[in-house]
Amino acid sequence: MAERNRRTVRDLRRGNRARVLQRLYFDGPLSRQELGPATGLSSGSISNVVAELSAEGLLEEAGVVDSDGGRPRTLLRVAPGGGLLIGIDIGETRIRVELFDLALTELARTERLLAQHGYDVDRIVGHVRSGVADVLRDAGADPGRLLGIGIGVPGIIERHAPDGAVGDVGAVVHGQTIDWSAVPFERLLRDAVRIPSEVPFFIDNGAKTLGQAEMWFGGGRGAGVSAVALIGSGVGACVNHGDLLGEARSSVALEWGHTTVQLRGRRCRCGSIGCLEAYAGAEAMRERWHEAGGPLPADADDETALAALLAAAYPGSGGAPDPLAVSLLDETAECLGAALGDLINLFLPERILLGGWAGLLIGPHLLPDIRRYAQEYALRHAAARTTIELGRLGPDAVTVGAATLPLSDFLARGGSRPSPEAQSGPSAPGFRTAVDAVRGRERARTVSDATG
């Protein structure tokens, strides 16, 4: 019983630390006096937690503000230098690796193009291994300061081994469009990447990491329900429910690109027919433009092809638009609008954001038509409640979102670093864990205040 009580006190202290860290991270800088009402902790608990976190280098002073008739109050914030994070985007055309501090300020980056060799698993693992080494070297960073490596990948992520075992395999990736079937990606990375054994990997769907980045720092913040679309060479989406620190907050990745927009339509690279991705993905737009006789080299990559297609449709300087390019893009806008109408009818989002490199490229031209088609295909009342905008974080949003995966876990653990034994657990704990640590229960608050 005594051992159980000791564990309870330890867990409550960690919960107190998490409440303070998360509140300062998302709402700071704040004074000690402001932290009390924001976290529900007593002034004594706040003082103890702030002293601990400051001694560990996780909090720092951020100036002072005048108080009403009293002494100036010192503002606190999470120290950017308190740790390092790596975010990796396993994209359709390239792998991007970025090193961040705790404020998600970029310290170093590197990219690896994928056009020549595609999604060969061993080559992808090699790119990640060398990319991680490069950013650490370029920033002169100590790998021992890493809090974790977050990775956004295409496909469905399974948290356990296919036979239901937990541990050695870790996150398994099922990516039908890239010919990955039950790839034990986490195990392969842990065997290959040269980092301390206690540094965790967090692997999730790329659209979901994009959505978390937009929800934390971009256009999704403050929305009760938001949908974020990732349009690159392929197409994906995620739906977020609940505000940033809401207890019911959840996020789910959707294989939105493989919903049907045309019966007996074009063959999708997943093998099905009529998928959204077969019309709105950059790879499909390149193929359709080439089939229509567009002036495009046969070996042009997706980014070059999409830029050429847009230039043909919107030539500027008094040039005549290419009617084939205009028609192709209008069909793309209608397919996207119809698929967004499905998202609106199914999830009733307040906001929809279009992101991904291709989404940000076509968005300034097609957004008015996409909105118009979405309104035509969605229920009127639901569509009237939904705004459709471009994502605000640019083409690096997946990488930033990937870095939020280890950051979220670090904040949820109250700033404690993982032990090697922790690697046998799930790859990416849900944000609900962090929320529970921030909010807690009223009974836990009472006990924690009593224990200091």
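Trainee: In this predicted model, does Tyr25 count as buried or exposed?

Mentor: The cut-off for buried is under 20% relative accessible area. Tyr25 has 16% relative accessibility, so Tyr25 counts as buried.

Trainee: What is the relative accessible area of Phe26?

Mentor: Phe26 is also judged against the cut-off of under 20%. Phe26 is buried, with a relative accessible area of 8%.

Trainee: Which kind of pair do the rings of Tyr25 and Phe26 form?

Mentor: Ring centres must lie within 6.5 Å to pair, and planes over 60 degrees apart count as edge-to-face. The centres of these two rings are 5.4 Å apart. Their planes stand at 80°, so the pair of Tyr25 and Phe26 is edge-to-face.

Trainee: And which kind of pair do Trp180 and Phe185 form?

Mentor: Trp180 and Phe185 are both buried. Their ring centres are 5.2 Å apart. Planes under 30 degrees apart would count as stacked and over 60 as edge-to-face. With the planes at 55°, the pair of Trp180 and Phe185 is therefore tilted.

Trainee: Which residues do ring pairs link into a cluster?

Mentor: The whole structure has six aromatic pairs. Ring pairs link Tyr25 and Phe26 into a cluster with Trp216 and Phe217.

Trainee: Over the face of which residue does Arg372 lie?

Mentor: For a charge to sit over a ring, CZ of Arg must be within 6 Å of the ring centre. Arg372 is at 4.4 Å from the ring centre, over the face of Tyr373.

Trainee: What is the volume of the largest pocket, and which residues are the closest to its centre?

Mentor: The largest pocket has a volume of about 640 Å³. It is lined by 38 residues. The closest to the centre are Ile90, Gly91, Glu92, Pro154 and Leu230.

Trainee: Which element gives the most to the lining of the largest pocket?

Mentor: Several elements give two or more residues to this lining, including strand S4 (84-90), strand S5 (94-101) and helix H13 (397-412). Helix H6 (206-217) is also one of them. The most, three residues, comes from H6.

Trainee: How many residues in the lining of the largest pocket are charged?

Mentor: By class, the lining holds 14 nonpolar and 16 polar residues. The charged residues in the lining number eight.

Trainee: What share of the residues in the protein chain is buried?

Mentor: The secondary structure of the chain comes to 15 helices and 16 strands. The chain has 452 residues, and the buried share is 52%.

Definitions and conventions. Residues numbered from 1 in each chain as written. Predicted model: local features only at pLDDT ≥ 70, side-chain atom pairs only at ≥ 80, totals over all residues. Heavy atoms only, no water. 1 Å grid on protein atoms, 1.4 Å probe; cavity = no way out; pocket = protein on both sides within 12 Å on 5 of 7 lines; lining within 4 Å. Points joined across faces, edges and corners; volume = space filled by probe spheres on them. Helix = DSSP H or I, 4+ residues; strand = E, 2+ residues; numbered from the N terminus. Nonpolar A, V, L, I, M, F, W, Y, C, P; charged D, E, K, R; others polar. Buried < 20%, exposed > 50% of the residue type's maximum accessible area, 1.4 Å probe, protein only. Lys NZ or Arg CZ within 6 Å of the ring centre and 35° of its normal.
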